[in-house]
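Please keep the structure open while you read them.

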Amino acid sequence: MRNLLRLIKFAAILIWSAFVVAPFLWALTTSFKTANGVTSGATYIPFVDYQPSLGAWKGLFGSGGGSIDIMGPFVNSAVVTLSASLISLILGTLAAYGLSRFTYKAGPVGNADLTFFFISQRIMPPVVLAIPFFLMLGLFGLLDTIFGLVIVYIALLMPIAVWVMVDFFNQVPRELDETAMIDGCNPVETFWRVILPNSKPGLVVAGIFCVVFGWNDFFFAFTLTFTKTQLLPVAIVSLNSSVTPWWSLSASALISVAPLILVAFLVERYLDKGNIAGGGK
Amino acid sequence: MSKKHYAMRNLNVALGGEIHLQNINIDLPQSGVVTIIGRTLAGKTTLLKVMAGLQGPQSGAFTQGETDLLKIPAWKRKVGMVYQQFVNYPHLDVRQNISFPLKRAKFSEADIARKLTYVTGLLGLEDYLDRRPAELSGGQQQRVALARSLVKETDLLLLDEPLVNLDYKLREQLREEFRRIFSQSADRLVVYATTDPAEAMILHGQVIIMHEGRVVQSGDYRDVYHFPANVIAAEVYNDPPMNLLSGEIEAGQIHLADGLKLEIPAHLKKLEAGTYVFGIRAMDIEVGGKSKATLALAEVNGSSTIYHLNLTGSSLVIEREGVHPLAVGTPVAFSLDTSRLYVFHALSGDALVFPARKSVSGQGDI
């Protein structure tokens with residue numbers, strides 16, 4: 001009976017894994033195929049089923065005929081995502097600490113309203129924001145620039161950081177702040193010396209959300225740039241001309257996913273110790 | 001009182017429409033021990049937070065001598081505080097935890113090392129200096145919190161039920177240590193909040209009894225014990241709480257529930273006929289005698305046994321020396337030592353007559 005249960009569990013995990021991993025395997029094999037290799041049917045085993053070729057990969061790095069350089073958009077995406085995430089995390093964490101610990105009152109507007117105001121920006125469909133963003137960036141001459149994209153991405157990512165961090169700080173016992181103040185820390189020192197060093201799990205979660213959302217955004221990267229400043233998702237889609245180059249698409253998709261996989265492995269260990277033990281019951 | 005004594009005047013605290021402290025007027029000496037005693041939610045913690053500067057009152061004053069303490073933020077006051085929960089800095093080891101306030105106060109490395117050695121020796125933490133709080137037991141964590149509040153030179157040391165979350169043995173041990181530790185510094189006021197009257201009795205000093213955000217009674221720990229101002233003080237400051245039985249004085253006798261009749265003792269002769277609340281401590285009721293009631297619960301508490309007896313409309317608690325377990329439902333004969341009866345007003349609960357003071361063993365030096 002027990003063994004049967006184990007068997008069912010393993011089977012379930014296996015089926016689920018197949019669903020998750022299969023697209024990657026498909027992309028991996030396709031990225032090593034030539035045009036003929038792709039159109040000649042579903043083949044998966046290199047050297048047996050089909051003759052592998054490095055053509056697609058070479059093309060992405062600009063050596064080979066009719067290719068595009070994926071490195072430019074890759075660097076652009078990295079710069080925009082990382083700087084916007086970092087700034088969002090800093091501003092968002094400060095805002096979240098304030099919203100969690102201090103009482104704000106402007107007429108009928110209080111802490112809960114301010115917190116909702118931040119989160120509400122993610123409720124709107126992106127299309128609603130695209131036109132005002134386009135006009136505003138145009139007004140300041142920031143269309144099709146890294147700087148302009150960073151500003152827009154901060155607007156998109158900071159609500160996520162605020163949301164995650166408000167929730168996190170609300171879990172941190174207030175007695176920890178109070179103890180720090182009694183021990184001679186003013187509110188800024190309390191935050192910097194006591195609360196922040198104990199906020200790693202929250203910061204990691206907020207940071208991952210920011211990086212993933214920023215890195216994967218296509219819509220704003222597409223609407224707010226033309227040709228000069230291309231981000232990775234736009235560059236990948238633009239490979240798609242009259243003939244769909246499955247091999248290049250697959251290779252570039254893998255390149256685009258790689259950094260996120262790396263981040264996931266690096267931060268996994270922080271997510272284990274999800275709470276700050278010993279800070280009070 | 002000295003010129004630097006603490007005074008609270010007409011202090012009120014309300015949070016989110018809920019009244020936490022109501023019209024508090026107290027005077028505290030510059031040094032010594034003051035115990036605040038009251039049930040959970042009596043306002044003890046809020047009172048300590050006002051003293052620490054962590055909670056501002058809506059109205060009222062809190063001064064030390066000429067100084068208006070309400071104008072000084074918590075981080076500029078010379079205050080230490082220990083919470084009921086063991087609050088330490090999770091990211092720092094024990095050594096860093098204890099020296100944290102000293103570093104904030106810009107003490108030299110040599111001074112920090114000297115004070116650290118002293119306080120860790122006092123609290124027996126020498127062997128744990130390199131551990132994080134999460135790696136310590138509850139008792140050790142609370143010692144670290146206590147060390148952190150003792151290590152800096154503070155005018156005020158606030159302790160909010162510091163022993164509640166510890167096990168019995170450790171509680172007994174630390175309770176004794178507190179008396180020794182608190183007497184170490186002559187010019188520091190220790191304010192100790194607790195629900196346990198035994199702790200107040202062991203620490204001596206002044207006692208403030210709180211109930212529902214108000215100060216019920218304040219005074220020397222012995223006086224409050226012998227002369228409770230009302231039924232609340234009598235209940236809160238006795239463990240087990242004082243038995244309170246309503247009854248009548250009629251035709252030269254005291255009539256209590258279940259036809260229990262008592263001769264009027266000498267100190268109550270002057271009372272007029274009427275309805276009163278009679279109070280008697282659990283230890284002033286003897287097992288054996290002509291009155292009888294059934295046992296609802298018997299608990300062995302250290303070296304004594306406590307019987308809860310059923311009476312119509314109330315219960316009677318008897319404390320008996322030694323371990324004498326009895327089955328629930330057994331009829332227990334008892335007799336009240338009428339010379340120990342307190343009398344309170346039937347409606348207001350204010351004390352009317354006290355029995356003569358008598359020395360009591362086993363409850364500190366009362």
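1. Start with B:Pro240. This proline sits in a loop of chain B, between helix H8 (231–236) and strand E11 (243–250). The bond from B:Asp239 to B:Pro240 is cis, with omega near -5°. Bear in mind that this is a predicted model.

2. Now the domains of chain B. The domain assignment gives domain 1 as 6–232 and domain 2 as 240–353. Their C-alpha centres lie 36 Å apart. How many residues of each domain of chain B are in contact with the other? Six residues of domain 1 are in contact with six residues of domain 2. On the domain 1 side of chain B, the touching residues are five nonpolar, one polar and no charged.

3. Stay in chain B and check the backbone at B:Leu41. Its phi is positive, about 70°, although B:Leu41 is not a glycine. The residue belongs to the loop between strand E3 (32–37) and helix H1 (44–52) of chain B. Is B:Leu41 buried, exposed or partly exposed? It has 14 other C-beta atoms within 10 Å, and so B:Leu41 is partly exposed.

4. You will find B:Ala251 in the loop between E11 and strand E12 (253–255) of chain B. Why does B:Ala251 count as exposed? Because B:Ala251 has 8 C-beta neighbours inside 10 Å, and a residue with 12 or fewer is exposed.

5. Next, the contact between the chains. Chain B gives 24 residues to it, and chain A gives 19 residues. Which elements of chain B give two or more residues to this side? They are strand E6 (79–82), helix H2 (94–104) and helix H4 (138–151) of chain B. The chain B side divides into 16 nonpolar, five polar and three charged residues.

6. Turn to chain A as a whole. Its secondary structure comes to 13 helices and zero strands.

7. Then consider the dimensions of chain A. Its radius of gyration is 24 Å, whereas a compact globule of 281 residues would have one near 19 Å. Along the principal axes, the C-alpha atoms of chain A fill a box of roughly 70 × 70 × 30 Å.

8. What about packing and contacts in chain A? Of its 281 residues, 36% are buried. Take the contacts in chain A with a separation of 6 or more. Residues 24 or more positions apart account for 73% of them.

9. Finish with one residue of chain A. A:Leu114 has its place in helix H5 (residues 111–120) of chain A. It counts as partly exposed because it has 16 C-beta neighbours inside 10 Å. Which residues does A:Leu114 contact, leaving aside its neighbours within four places in sequence? They are A:Leu99, A:Tyr104 and A:Val109. Last, compare sequence and space for A:Leu114 and A:Ser252. The two are 138 residues apart in sequence and 41 Å apart in space, C-alpha to C-alpha.

How values were computed: Residues are numbered from 1 along each chain as its sequence is written. Chains are lettered from A and ligands numbered from 1 in the order in which they are written. This is a predicted model: local features need pLDDT of at least 70, side-chain atom pairs count only at pLDDT 80 or more; totals for chains, interfaces and linings use all residues. Domain bounds come from an automatic or database domain assignment. Two residues are in contact if their C-beta atoms, placed from the backbone, lie within 7 Å. Ala, Val, Leu, Ile, Met, Phe, Trp, Tyr, Cys and Pro count as nonpolar, Asp, Glu, Lys and Arg as charged, and the others, Gly among them, as polar. Helices (H or I, at least four residues) and strands (E, at least two) are DSSP runs, numbered from the N terminus. A residue is buried if 20 or more other C-beta atoms lie within 10 Å of its own, exposed if 12 or fewer, and partly exposed in between; C-beta atoms are placed from the backbone. The radius of gyration is taken over C-alpha atoms; the globule rule is 2.2 Å times the number of residues to the power 0.38.
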